[in-house]
Structures are given as structure tokens and as C-alpha cells.
Amino acid sequence: MTTATATQKIKDRVVSILSEKFGLPVEEILSGAVFEELDIDSLILVELGLVLRKEMGVVLQEGELKSTHTIDDAVTVIEAKGPRV
């Protein structure tokens with residue numbers, strides 16, 4: 001699997017989680033807005049981290065995902081942790 005394909009799979013899954021579990025519109029997540037602008041707070045980011053751990057084996061430390069991140073920033077952090085995709 002190419003890096004671009006793996007990155008896209010991670011992005012698709014994170015967008016899906018944010019949309020399904022937290023009710024965020026996909027187009028807003030993909031708009032390039034920072035999480036803070038989408039009302040994604042630290043609690044949601046912690047919950048997202050727990051889901052990613054369960055589904056992808058990604059162990060994120062508290063504060064690695066920030067409200068100042070965009071979806072692409074978050075994918076970069078997750079990708080660096082070597083998720084199972």
C-alpha cells in the first residue's frame with residue numbers, strides 16, 4: 001500500500017468517526033477548519049483517541065491531538081504512530 005493510500009485511509013476513518021460518533025458534517029471537517037472552529041473540544045479529542053486506539057492500535061498521549069489542528073494535522077500525528085489500516 002502506498003503512503004498516499006494509507007494516509008487517505010486514515011483520513012477517511014477519522015472523518016467517519018467524527019461524523020458518525022460526534023455528528024459533525026463531513027464537508028465541515030474537510031473544509032480545512034481547525035477543530036476549535038468545529039466545536040471539537042479536548043473531551044472529543046480524548047474520545048477520538050480512545051476510538052483510534054481500539055480500531056487502529058494507535059496510542060496517543062494526552063495533548064497530541066489539539067483543538068488547533070485541522071484534519072490533515074491530526075492525520076499526520078496519527079500516521080506517525082504507525083496505525084493499522
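Predicted model: local features only at pLDDT ≥ 70, side-chain atom pairs only at ≥ 80, totals over all residues.
Good morning. The crossing of helices α1 and α3 is right-handed.

Two packed helices are described by the angle between their axes and the distance between the axes. Helix α1 covers residues 3–22 and helix α3 covers residues 42–56; their axes come within 11 Å and cross at roughly 125°. Angles of 65 to 115 degrees count as roughly perpendicular and those over 145 as roughly antiparallel, and α1 and α3 are therefore oblique to each other.

Which residues meet in this contact? From α1 come Ile10, Arg13, Val14, Ile17, Leu18, Lys21 and Phe22, and they meet Ile44, Glu47, Leu48, Val51, Leu52, Glu55 and Met56 of α3. By class, that contact has ten nonpolar and four charged residues, with no polar ones.

Helix α1 also packs with helix α4, residues 71–80, at an angle of about 115° and with the axes 10 Å apart. This crossing of α1 and α4 is right-handed. On the α1 side we find Thr3, Thr7, Ile10, Lys11, Val14, Val15 and Leu18, which meet Ile71, Asp72, Val75, Ile78 and Glu79 in α4. Here the classes are seven nonpolar, two polar and three charged residues.

How much space lies in the largest pocket? The value is about 280 Å³. Its lining consists of 15 residues, and those closest to the centre are Leu45, Val46, Gln61, Glu62 and Gly63. The lining divides by class into five nonpolar, five polar and five charged residues.

Thank you for your attention.

Technical notes
Residues numbered from 1 in each chain as written. Heavy atoms only, no water. 1 Å grid on protein atoms, 1.4 Å probe; cavity = no way out; pocket = protein on both sides within 12 Å on 5 of 7 lines; lining within 4 Å. Points joined across faces, edges and corners; volume = space filled by probe spheres on them. Nonpolar A, V, L, I, M, F, W, Y, C, P; charged D, E, K, R; others polar. Axes fitted to C-alpha atoms, helices over the stretch in contact; angles between N-to-C directions. Helix = DSSP H or I, 4+ residues; strand = E, 2+ residues; numbered from the N terminus. Parallel < 35°, antiparallel > 145°, perpendicular 65-115°, else oblique. Left-handed = near helix turned anticlockwise from the far one by under 90°. Contact = heavy atoms within 4.5 Å.
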